[in-house]
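Please go through this model element by element.

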Amino acid sequence: MMRGKLLRLVFCSLLALCSLAPVWSQVAAQIIQNAVEKSSSDNASLPTIIQEVEKAAITADASNQRSLYTFLGSLTEQLGDYGSAASWYAKAAGISAAPAPNTPAFTSEELVLAAVRCSLSCGESQQAEGYLAFLGNSTNEKTQAYARLYKMWSTLSTVNSSQQLSEPVAVLQSYATMASMKWVRSSVYLTLWYLTGNAEWSSKLQKEYPESAETAVVTGKAQILPTPFWFFLPRTEVAYNSATESKATTASSENKSSGTSASNTKTDKASVSSSAESHVILRQQVGFFRNKENAENLVARLTEAGFKSDITKEVRASGTSYFVVTVPEDAQKSMGMKLKTAGFECYPVFADE
């Protein structure tokens, strides 16, 4: 039942994002409506529903196929399956067809950028670079701005220590003043603040983009999704200490206002999505690294803070090895809150069905 609610929410979110564009074409709309209805049953299986939409797309004409692949990209991205989302967006972008009637008119460049974003989110920087290569001849200023930002994010994901941040930070600082980067300036400010901890960038965000999601992050009203990309980014000591102090203060304030403490909070609402209520949380993932030494350094910090943690090796289909740092969930299901109160980013790892 919860999966059905999630699918409806994802579909509504997609329509909200495209509220200025026409509705889906009749063929695509019918397929998606069927998927939504099937998701409402108690024994609904999202993987099966996604497979059915994919199967329907195979026999659709090019325009509707492009729309359905775009929908699958949006759906899997919302579900946190960034690898699949990148693939769907790339497939949609590769279909040379005019937008289907009454279908949101995403350009191929926009779809490629979405594929890059999702590739970075799951730590596949080389794949992101491959997609970016298709945008090298773009004459669209907005596309160029996003491509430059994503290129820098890709570079940052390969940096192994805060000592190597000087050059990327200098480039980002130049981006912050370029008129051609106006499309992504708030994201540039956020990245600079996250990397350096310099209050100048949070002040600029609050002054120039007071209602933005980026400002919500720097003011503690929202959190950055704990994707592998953010785990890759090294931070200066100032940035790390600032974030730790900010999270501890925010958690303390929230606990006081709700009348609970970190030790007796049943679940960590910031890290558990609505689809997770029927799942069992086994561990909290705290780090995701290509460099084992970085993983070991995080374990040392966790140990010093009183947390027991483990390192597991994960090999992707591309052959790249990653080292995952996790902390076992406690009986009270409060480990996520405890870790965040101590200044550690984390998100839940669920038991397989």
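## Basis

This is a predicted model; local features need pLDDT of at least 70, side-chain atom pairs count only at pLDDT 80 or more, and totals for chains, interfaces and linings use all residues. Residues are numbered from 1 along each chain as its sequence is written, and side-chain values use heavy atoms, with hydrogens and water left out.

Helices (H or I, at least four residues) and strands (E, at least two) are DSSP runs, numbered from the N terminus. Buried means under 20% relative accessible area, exposed means over 50%, and partly exposed is in between (1.4 Å probe, protein chains only).

## Helix packing

Helix H3 spans residues 46-58 and helix H4 residues 62-78. They pack at an angle of about 160°, and their axes are 9 Å apart. Axes are lines fitted to C-alpha atoms, for helices over the stretch in contact; angles run from 0 to 180 degrees between N-to-C directions. H3 is thus roughly antiparallel to H4. The cut-offs are under 35 degrees for roughly parallel, over 145 for roughly antiparallel and 65 to 115 for roughly perpendicular, with the rest oblique. The crossing of H3 and H4 is left-handed. That term applies if the near helix is turned anticlockwise from the far one by less than a right angle; clockwise gives right-handed.

Helix H5 (residues 82-93) packs with H6 at about 165°. Their axes lie 8 Å apart. H5 and H6 are therefore roughly antiparallel. Their crossing is left-handed.

## Nonpolar cores

In soluble globular proteins, nonpolar side chains tend to be buried together. A nonpolar core here is a set of buried Ala, Val, Leu, Ile, Met, Phe, Trp, Tyr and Cys residues joined through side-chain atoms within 4.5 Å.

The largest core has 65 residues. Those with the most contacts inside it are Leu68, Val116, Tyr150, Leu156, Leu172 and Val188. Helix H6 (residues 108-121) gives the largest share of this core, eight residues.

## Strand pairing

Two strands pair if DSSP finds at least two bridges between them. Strand E1 (residues 281-289) pairs with E3 in the antiparallel sense, over six bridges. Gly287 has Val325 of E3 as its bridge partner. Strand E2 (residues 310-315) also pairs with E3, antiparallel and over six bridges. Here Glu314 is bridged to Tyr322 of E3.

How many residues of strand E3 are buried? Six of the eight residues in E3 (residues 321-328) are, so the strand is largely enclosed by the rest of the structure.

## Salt bridges

Side chains of opposite charge can pair when their charged atoms come close. The rule used is a side-chain nitrogen of Lys or Arg within 4 Å of a carboxyl oxygen of Asp or Glu. It gives four salt bridges.

One of them joins Glu129 and Lys151, at 2.8 Å from N to O. This pair links distant parts of the chain: Glu129 is in helix H7 (residues 125-132), Lys151 in helix H8 (residues 141-156), and they are 22 residues apart. Glu129 is partly exposed at 26%. Lys151 is partly exposed at 41%.

Arg283 and Asp310 form a salt bridge at 2.5 Å, N to O. Arg283 lies in strand E1 and Asp310 in strand E2, so the pair ties together parts 27 residues apart in sequence. Both ends are partly exposed: Arg283 at 25%, Asp310 at 32%. Asp330 and Lys338 meet at 3.0 Å, N to O. Asp330 is buried, with 13% relative accessible area, whereas Lys338 is partly exposed at 26%.

## Two buried residues

Ser187 sits in helix H10 (residues 185-196). With 17% relative accessibility, Ser187 counts as buried. Leu205 is 18 residues from Ser187 in sequence and 9.2 Å from it in space, C-alpha to C-alpha.

Phe344 is in the loop between helix H16 (335-341) and strand E4 (347-350). Its relative accessibility is 4%, so Phe344 counts as buried. Phe344 and Leu298 are 46 residues apart in sequence, with C-alpha atoms 9.6 Å apart in space.
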